[in-house]
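Dear colleague,

Please find the structure below. A short account of the findings follows.

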2 protein chains.
Amino acid sequence: MSDEGYKLETNAAGRIVPTTINGKPAVPFQGVGKYRPAGRKAAPPVATCADYPGDGNKVLTNLKTALIKAGIEDGMTISTHHHFRNGDLVANRVFDACAEIGVKDLMWFPSASFPCHEPIIRHLDSGVVHHIEGSMNGPLGEYCSRGKMRGMGVLRSHGGRYRAVQDGEVHIDIAVIAAPTADPFGNANGLTGPSACGLLGFALADSQFADRVIVVTDNLIDFPCVPWQIHGNYVDFVVKMDRIGDPTKIVSGTTEITRSPDRLLIAELTARFIKEAGIMKGGFSFQAGAGGISLAFVTFLEKYMKETGTKARFVRGGSTKYLVKLLEEGLTEYILDGQTFDLDGIRSMRENPKHVNTSPFTSYNYHGKGNFASMVDAVVLGATEVDVNFNANVVTHSDGLLLHGIGGWQNCLFSKCTILSIPSFRDRIPVIVDEVTTLCGPGELVDVVVTERGIAINPRREDLIDAVSGSDLPIRPIEEIKAEVEKICGGKPAKPKLGDEVVAAIKWVDGTVIDCVRRVP
Amino acid sequence: MSDEGYKLETNAAGRIVPTTINGKPAVPFQGVGKYRPAGRKAAPPVATCADYPGDGNKVLTNLKTALIKAGIEDGMTISTHHHFRNGDLVANRVFDACAEIGVKDLMWFPSASFPCHEPIIRHLDSGVVHHIEGSMNGPLGEYCSRGKMRGMGVLRSHGGRYRAVQDGEVHIDIAVIAAPTADPFGNANGLTGPSACGLLGFALADSQFADRVIVVTDNLIDFPCVPWQIHGNYVDFVVKMDRIGDPTKIVSGTTEITRSPDRLLIAELTARFIKEAGIMKGGFSFQAGAGGISLAFVTFLEKYMKETGTKARFVRGGSTKYLVKLLEEGLTEYILDGQTFDLDGIRSMRENPKHVNTSPFTSYNYHGKGNFASMVDAVVLGATEVDVNFNANVVTHSDGLLLHGIGGWQNCLFSKCTILSIPSFRDRIPVIVDEVTTLCGPGELVDVVVTERGIAINPRREDLIDAVSGSDLPIRPIEEIKAEVEKICGGKPAKPKLGDEVVAAIKWVDGTVIDCVRRVP
């Protein structure tokens, strides 16, 4: 649990949240679009070519040397990215090297952490790492939930992480960027090499704003590494490692459509809703991720698009072979891709100029001059819980355990039609609840909830209610679906028994605190 | 002439330079690689999506409205770029609109200005524009030279301009970016449309660091404009105009090799030098521009590359059909291109992923963590004058008139072998002189001077002298060539008669003042 004192305050969503996080002041959520940022962007130090080799060769022998040359010290913030997902071999090596060097109290600032990062627990226990700010999927989330971490966890969306760095809320001392291909100057991309992951957008903010940037690669090629998704002009040092990722875990290769009849029904209802509400029309756009329901949704929508001769202007992913198929069949003009989930996605991004890599800056940064997310006609998302006011949770389970990151979820809520496509219960625990355990997304941004028992439209969206009024879609009030599910499950979910201590804060896209997570005893 | 007071000081190159420029302190040149920047990069204001349309449509009806919405005020700095060269139709319209609005004392900060911008003289005379910082090719340069501009002109290299903006030396209030193709969100590129110019790299700093950014286009397409060379996330407003450029003047279409026998000889000697010095070897790189000698040099080098089966890793341009031919024949793996000079260059950049667009950030910014310029094996440049210590001038003529910009010239001096390929005299005025009229590049960075009368190697480069010692190249001391030319021309060039007033400062790549230009009466 946090070793820093903090006060609590009730925010505009009625949630009690800390006003200090890890010793820094935090602003409680003020309502969607209400918080106004002041000030100017973070300003990294001005470098000079006089300090860098004229021949462009920044290669050092190993990570430890690079960390020392980067000036690593106690209490610094070290960032990594999660494009290798559960196949990342770099972050653990970074903190092993830090332990060898003998530094303490680091803040780890990953774009996300995965079960493969369980070894970091050793460094949290020993004091090398003080705390983590970033998504903690699995064991690190549970470690945090149990109150074992000294600092407070901070969860941000992908766009929120870019914003935090850009706004100077998080100052990265040293960024370590694992790159599937790089040149000695530090130009890097994710398109080729044994650890190919597609793109490196999650490391963009780190490269632009960190004081020091280390690129680590297992595929060092001659200058120029083209395209340079990461600019070598931001990079201090390059390190070659034997292996930076486990390809079988970077891309699953087996991203598969759900076989559950209930979930297939949810996917079909979602696609039908988009069609019958008139969203599916020439030049439209949608976003779908890599979950089983999302993938099935894409294949249903593809069918309707073909039947009606409808083509999209662009689709957004997490790309998979299903989105690539749409592009290759001419059903969409572009894929605007935030991360590639399978080998078809990587191949397509490498070969097809209409499969475009994006970043949290272009797609999601709420403190930009607009972003792509709000231009998307419909987005299909999941959730761990949704309440009768359409508020939703994506990070904790109903037992209070923090097991998931936010990803781009909060950012995507700004689409023109946000759909949560979710089973009405999981493991006999209702998903539709009176009040979500943790508030991640305000109900005013959630337009539609699609379950296997019917579709609930947010009463605020009268336009959508009108649009499908003539259809035979199973449109029902959310309360009615909830009541039915409670009957099936034998009542409402049990209230989790939680400690008082705040173990993690949930940031809204604008940096305010929308909710927090309490210790699970 | 400048209406601000300034003091003068002798810099490390022995030149007397102002220590105040337009009311701001300026640091005299301290020697190559000697000046160390302090502080942090410029920090633009943090924006919020709450202030921008959710549907991404930032289109306004006209430029005047956009300037007013951008908050234009007296004394602001307005930037434009020069990718349309002498075919630009936007900059004049910007200042016409400013005149209509009634603002005064603006600073115009173009990446370069051309004869087509002569109408700006009216706005300088009337007080709408206070002064220009940026290259002034032709009439505006003469206007400045004659002491008619109220402020001091400041000339920076392409890299120096990026650096000045990045370092906060120049704060751009409003950037106006003319874009051959753009979408309503402000994503933009130079690849297609009636005013296609290839790339928009010179506007990159403006987009990243200006408080307000206006994109002006005559080819507005649906989102997304791919590729987005300029990110819409940096853009405030988009304006559609009927025509933003005159295609016949944007690209000449007739970039032609010199027919002068003397200049052909210079080109041939340059190519032979690169071959015989051993620079032309497998995987090498070179840069050549779009002048008549440069183009001829490329064709000679191409011949030698074919004869010897030598392939380059990359070539840098200003691209022309001659560089494109190298790429398409497989004689180079990449073109790393800073600006496209003809239609073949634009086509190639649009179609060939190995014809890569670069920017002054990647190529030239001296206050980055290295840049591309120093990695180039050989660069072939011009000059208006060179002295016996290899110091060179590229902005003034021997009569003292400021008629040219610096371009990427200073930045390119950092290549591994910098060659000035120049006629030994022009209009019967010697080009090799005792002391250059204006110092733009320190002699320690100029390695070779190739003239039609022989090749002079900088005595500092013993390695190059050794490398060609066995060749039959006409290697001669620079003093000897100079003496011969003076005989032909009937003596040394007449010393220009100049006023005392400083009308323009010449910045070195690191922002220090390497020289200044005096008024020509």
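At what angle do helix α8 and helix α9 of chain B pack? The model is a predicted one, in which local features need pLDDT of at least 70, side-chain atom pairs count only at pLDDT 80 or more, and totals for chains, interfaces and linings use all residues. Residues are numbered from 1 along each chain as its sequence is written, while chains are lettered from A and ligands numbered from 1 in the order in which they are written.

Helix α8 (residues 261-276) and helix α9 (residues 292-308) of chain B pack at about 45 degrees, their axes 8 Å apart. Helices (H or I, at least four residues) and strands (E, at least two) are DSSP runs, numbered from the N terminus. Axes are lines fitted to C-alpha atoms, for helices over the stretch in contact, and angles run from 0 to 180 degrees between N-to-C directions. The residues of this contact divide into eleven nonpolar, two polar and three charged (Ala, Val, Leu, Ile, Met, Phe, Trp, Tyr, Cys and Pro count as nonpolar, Asp, Glu, Lys and Arg as charged, and the others, Gly among them, as polar).

In chain A, an open sheet of three strands has the order β11-β30-β31, with mixed pairing; strands pair if DSSP finds at least two bridges between them. β11 (153-155) and β31 (513-518) of chain A each have a single partner strand, so one side of each lacks a neighbour in the sheet. Strand β30 (residues 502-507) of chain A pairs with β31(A) in the antiparallel sense over five bridges. A:Ala505 has A:Cys516 in β31(A) as its bridge partner.

Yours sincerely
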